[in-house]
Amino acid sequence: MGAWELLLVGLVLLFGLCGVMVPGVPGAWLVWAGLAWWAVQDTRTVAWAVLVGATAALLVAQTVRWLLPPRRLRHTAATRRLAGYAGAGSLLGFCLVPVVGAVPGFLAGIYLGERIRLGGRGEALASTRTVLRLGGWNVLVEWFACLLVIAAWLGVLVWG
């Protein structure tokens, strides 16, 4: 696979990751489709192993999401800016403390966004709990699975 094709696959994966934060966009499916495109073009066994593992991880994430209460983020103050804070915090946590840091980074991003918006510590904590109860956990599960898939893809590209 050439550099331009890898760049396009990376863009599809990035759009899928961003799509997780937007209600109604099939972010996980975009991530899987980009990975499947790469695996079909790459004939190595490791590419297919990553695709099988990604399929399993994304299916488990979808199952867990269906077991959680449905998303109702429209009823809260969950804005695009808050999603940006949560995503940035999760990415930063994922890089600083590999894999495990995504969850506390996501929570810290939501808290930081609410702290900036509301000003007080108590109000920010209460709002963070509300956002998580009304759909934040659903987003976190799907986001984390997509991050794992993209990290596996990058790992194969770098060390493959």
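Residues count as buried under 20% relative accessible area, as exposed over 50%, and as partly exposed in between. With that cut-off in hand, here are the views, all drawn from a predicted model.

View 1. Let us start with the overall picture. The secondary structure of the protein chain consists of six helices and zero strands, so that reading along the sequence gives α-α-α-α-α-α. The chain has 160 residues and a radius of gyration of 16 Å, which agrees with the value near 15 Å that a compact globule would have. Along the principal axes, the C-alpha atoms fill a box of roughly 55 × 30 × 25 Å. Of the 160 residues, 39% count as buried. Among contacts between residues at least 6 apart in sequence, 67% join residues at least 24 apart.

**View 2. The surface of the protein chain and its charges.** The accessible surface comes to about 8900 Å², and carbon and sulfur atoms account for 73% of that area. There are 12 positive and 5 negative side chains in the protein chain. The centres of these two sets lie 12 Å apart.

View 3. Helix 3 covers residues 45-67. Its 23 residues should span 33 Å at 1.5 Å a residue, and the end C-alpha atoms are 33 Å apart, so the two values agree. Buried residues in this helix are A47, V50, L51, A54, L58, A61 and Q62. What do the buried residues of helix 3 pack against? They pack against helix 2 (27-41) and helix 6.

**View 4. A39, a buried alanine in helix 2.** A39 sits in helix 2. Its relative accessibility is 0%, and therefore A39 counts as buried. Leaving out residues up to four places away in sequence, A39 touches A47, W48 and L51.

**View 5. R44, in the loop between helix 2 and helix 3.** R44 is placed in the loop that joins helix 2 and helix 3. Is R44 buried or partly exposed? With a relative accessible area of 32%, R44 is partly exposed. Apart from its neighbours within four places in sequence, R44 is in contact with W38, V156 and G160. W137 lies elsewhere: R44 and W137 are 93 residues apart in sequence and 35 Å apart in space, C-alpha to C-alpha.

**View 6. S90, a buried serine in helix 4.** S90 is found in helix 4. Its relative accessible area is 0%, so this serine is buried. Which residues is S90 in contact with, leaving aside neighbours within four places in sequence? They are G101, A102, G105, F106, W143 and L147.

**View 7. V99, a loop residue with a positive phi.** V99 lies in the loop between helix 4 (80-96) and helix 5 (102-118). The phi angle of V99 is near 65 degrees, a positive value in a residue other than glycine. Most residues other than glycine have a negative phi. V99 has a relative accessible area of 34%, and so is partly exposed.

**View 8. S127, a buried serine in helix 6.** Helix 6 spans residues 121-159 and includes S127. S127 has a relative accessible area of 12%, which is why it counts as buried. Without residues up to four places away in sequence, S127 touches E114, R117 and L118.

**View 9. L154, a partly exposed leucine in helix 6.** L154 also belongs to helix 6. At 42% relative accessibility, L154 counts as partly exposed. How many residues apart along the chain are L154 and G10? They are 144 residues apart, while their C-alpha atoms are separated by 9.1 Å.

**View 10. L7 in helix 1, with R65 for reference.** L7 is part of helix 1, residues 3-20. This leucine has a relative accessible area of 46% and is therefore partly exposed. L7 and R65 are 58 residues apart along the chain, and 30 Å separates their C-alpha atoms.

Conventions
Residues are numbered from 1 along each chain as its sequence is written. This is a predicted model: local features need pLDDT of at least 70, side-chain atom pairs count only at pLDDT 80 or more; totals for chains, interfaces and linings use all residues. Side-chain values use heavy atoms; hydrogens and water are left out. Helices (H or I, at least four residues) and strands (E, at least two) are DSSP runs, numbered from the N terminus. The radius of gyration is taken over C-alpha atoms; the globule rule is 2.2 Å times the number of residues to the power 0.38. Buried means under 20% relative accessible area, exposed over 50%, partly exposed in between (1.4 Å probe, protein chains only). Contact means heavy atoms within 4.5 Å. Accessible areas come from the Shrake-Rupley method with a 1.4 Å probe; for residues, only the protein chains shown count as cover. Lys and Arg count as positive and Asp and Glu as negative; His and the chain ends are not counted. The place of a charge is taken as NZ of Lys, CZ of Arg, CG of Asp or CD of Glu. The expected span of a helix is 1.5 Å times one less than its number of residues.
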